[in-house]
Amino acid sequence: MPVFRIIHRTSAPVAEAWSRLTDWQRHGAQVPLTRTIIETAPPTRAGTIFTARTGVGRITFDDRMEVVVWRPPAADSAGLVRLEKRGRAVTGWAEIEIRPLAEGGAEIHWREEVRLRGLPRALDPVVAAAGRLLFGRAIARLLAR
């Protein structure tokens with residue numbers, strides 16, 4: 001499975017960056033042709049399930065995810081959320097860690113392992129590069145608000 005990592009710095013405080021990056025509903029608006037469907041009642045916590053549905057008309061695929069670690073930032077400590085991808089077409093995991101910076105603001109570490117069923121492993125580098133590009137843009141947009 002291809003693994004990719006994105007590191008992004010923001011002037012937003014850690015708590016604000018956390019709030020923006022864990023607003024699952026807004027994620028869909030940042031990824032082309034995607035909408036997010038929240039399947040569990042708020043607030044977000046371990047056990048929250050949501051689906052990112054991507055496509056047009058009847059040609060779609062679902063990236064169903066479950067929050068398995070929910071550790072919001074506290075005082076000067078980092079926050080961490082881990083998602084397990086439980087879809088039929090997309091499997092793997094994603095972690096979003098938000099660390100405070102000494103000079104203020106936050107540093108985001110987005111790590112993701114993704115597998116698209118039916119796609120040959122020879123395309124793993126292409127999938128990883130596309131993931132870095134797509135999610136790098138999504139992070140920037142989510143933090144820009």
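Of the 145 residues of the protein, 45% are buried, where buried denotes a relative accessible area under 20%, exposed one over 50%, and partly exposed the range in between, computed with a 1.4 Å probe on protein chains only. The model is a predicted one, in which local features need pLDDT of at least 70 and side-chain atom pairs count only at pLDDT 80 or more, while totals for chains, interfaces and linings use all residues. Residues are numbered from 1 along each chain as its sequence is written, and side-chain values use heavy atoms, with hydrogens and water left out.

The confidence of the predictor in each residue is expressed as pLDDT, from 0 to 100. Its mean over the protein is 94, and 99% of the residues reach 70 or more.

Along the sequence their order is β-α-α-β-β-β-β-β-β-α.

The overall dimensions come next. The C-alpha trace spans about 45 × 35 × 25 Å along its principal axes. The radius of gyration of the protein is 15 Å, which agrees with the value near 15 Å for a compact globule of 145 residues; this radius is taken over C-alpha atoms, and the globule rule is 2.2 Å times the number of residues to the power 0.38. A contact is defined by heavy atoms within 4.5 Å. Of the contacts between residues at least 6 apart in sequence, 46% join residues at least 24 apart.

The protein exposes about 7800 Å², of which carbon and sulfur atoms supply 56%; the areas come from the Shrake-Rupley method with a 1.4 Å probe. There are 23 positive and 15 negative side chains, and the centres of the two sets lie 6 Å apart. Lys and Arg count as positive and Asp and Glu as negative, whereas His and the chain ends are not counted; each charge is placed at NZ of Lys, CZ of Arg, CG of Asp or CD of Glu.

Individual residues may now be considered. Valine 14 lies in helix α1 (residues 14-21) and counts as buried, at 12% relative accessibility. Although 86 residues separate valine 14 from proline 100 in sequence, their C-alpha atoms are 5.7 Å apart. Beyond residues up to four places away in sequence, valine 14 touches Pro73, Ile98, Arg99, Pro100, Gly105 and Ala106.

Histidine 27, in helix α2, is likewise buried, with a relative accessible area of 14%. Its contacts, leaving aside neighbours within four places in sequence, are Leu21, Thr36, Trp110 and Leu142.

Two backbone features lie in loops. Leucine 33, in the loop between α2 and β2, has a positive phi near 60° and is exposed, with a relative accessible area of 57%. In the loop between β2 (34-38) and β3 (49-56) lies proline 43, which is joined to proline 42 by a cis peptide bond with omega of about 0°. Most residues other than glycine have a negative phi, and most peptide bonds are trans.

Glutamate 39 also belongs to the loop between β2 and β3 and is partly exposed, at 38% relative accessibility. Leaving aside neighbours within four places in sequence, glutamate 39 is in contact with Ile49, Phe50, Thr51 and Arg64. The C-alpha atoms of glutamate 39 and alanine 144 are separated by 26 Å.

Conventions: Helices (H or I, at least four residues) and strands (E, at least two) are DSSP runs, numbered from the N terminus.
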